[in-house]
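Please read it beside the sequence and the coordinates shown here.

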Amino acid sequence: MLISDYSAPAEVYATPARGGKRTMFYRKFTSLAEAVRFIVEDLPKGMLHPLAETDRARFEGGALRALYDADDFPLPRAARPQPRATEQAFQHGEPLGKESDR
C-alpha cells in the first residue's frame, strides 16, 4: 500500500508533448483517487509527465499507476485497460491519451 488517504484534495499537472503554445495542463480534484483515475483513464491525448500533488505528497511516473492498481484504490476502475502508454510514457517521453485517439 502506497498511501492511506486517497480522500485528500489533489491537483494534476502535465505538459503538452508538442505544439506552438506549450500551456501546462492543470486541474483540481476533490480527492487524490479522482486525480489518479483521471490521469490513468482520461488524461487528454498529447500530455506528458503527469503528476498528482496533495498538500503532503507528490506522485508521478510509476507511482501513479501503482496507486491506481492498489487493492485499496477506493473508486471503480474502467474495464481493465490494455497496458497503455502510461508506464512507457514516463520512461520514453511519449504522450499519454486514450488508445482510441491514436
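Eight of the 11 residues of helix H1 are buried, so H1 is largely enclosed by the rest of the structure; buried means under 20% relative accessible area, exposed over 50% and partly exposed in between, with a 1.4 Å probe and protein chains only. The model is predicted: local features need pLDDT of at least 70 and side-chain atom pairs count only at pLDDT 80 or more, whereas totals for chains, interfaces and linings use all residues. Residues are numbered from 1 along each chain as its sequence is written, and side-chain values use heavy atoms, with hydrogens and water left out.

- The buried residues of H1 are Leu32, Ala33, Ala35, Val36, Phe38, Ile39, Val40 and Glu41, and they pack against E1, E2, E3, E4 and H2, where contact means heavy atoms within 4.5 Å.
- The largest nonpolar core has 22 residues, and those with the most contacts inside it are Phe25, Leu32 and Val36; such a core is a set of buried Ala, Val, Leu, Ile, Met, Phe, Trp, Tyr and Cys residues joined through side-chain atoms within 4.5 Å.
- Two or more residues of this core are given by each of E1, E2, H1 (32–42), E3 and H2, and the largest share, seven residues, comes from H1.

**Overall composition**

- The secondary structure comes to three helices and four strands, which are DSSP runs numbered from the N terminus, helices being H or I with at least four residues and strands being E with at least two.
- Read along the sequence, the chain follows the pattern β-β-α-β-β-α-α.
- Of the 102 residues of the chain, 41% count as buried, and the accessible surface comes to about 6,100 Å², of which 49% belongs to carbon and sulfur atoms; these areas come from the Shrake-Rupley method with a 1.4 Å probe, and for residues only the protein chains shown count as cover.
- Among the contacts in the chain with a separation of 6 or more, 56% are accounted for by residues 24 or more positions apart.

**The sheet**

- Four strands form an open sheet in the order E2-E1-E3-E4 with antiparallel pairing, two strands being paired if DSSP finds at least two bridges between them.
- The edge strands are E2 and E4 (58–60), each of which pairs on one side only, and neighbouring strands of this sheet are turned by 20° against each other on average, direction ignored; axes are lines fitted to C-alpha atoms, for helices over the stretch in contact, and angles run from 0 to 180 degrees between N-to-C directions.
- Strand E1 (residues 10–16) pairs with E2 (residues 25–29) in the antiparallel sense over five bridges, and within this pairing Lys28 of E2 is the bridge partner of Glu11.
- Five bridges also join E1 to E3 (residues 47–53), again in antiparallel fashion, with Ala52 of E3 as the bridge partner of Val12.
- Three bridges join E3 to E4, which run antiparallel, and Leu51 stands opposite Glu60 in E4.
- Helix H2 (residues 62–69) packs on the sheet, where it touches E3 and E4, and its direction makes about 95° with that of E4.

**Salt bridges and Arg58**

- A search of the whole structure finds two salt bridges, each defined as a side-chain nitrogen of Lys or Arg within 4 Å of a carboxyl oxygen of Asp or Glu.
- One of them joins Glu53 to Arg58, with the closest N and O atoms 3.6 Å apart; Glu53 counts as partly exposed at 24% relative accessibility.
- Arg58 lies in strand E4 and, leaving aside its neighbours within four places in sequence, is in contact with Leu51, Ala52 and Glu53.
- The C-alpha atoms of Arg58 and Glu11 are separated by 9.5 Å, although the two residues are 47 residues apart along the chain.
- Asp69 forms a salt bridge with Arg65, the closest N and O atoms being 3.1 Å apart, and both residues lie in helix H2, four residues apart, about one turn of the helix.
- Asp69 counts as partly exposed at 30% relative accessibility, whereas Arg65 is buried with a relative accessible area of 6%.

- Ser31 lies in the loop between E2 and H1 and counts as buried at 11% relative accessibility.
- Leaving aside its neighbours within four places in sequence, Ser31 is in contact with Tyr6, Ser7, Ala8, Pro9 and Ala10.
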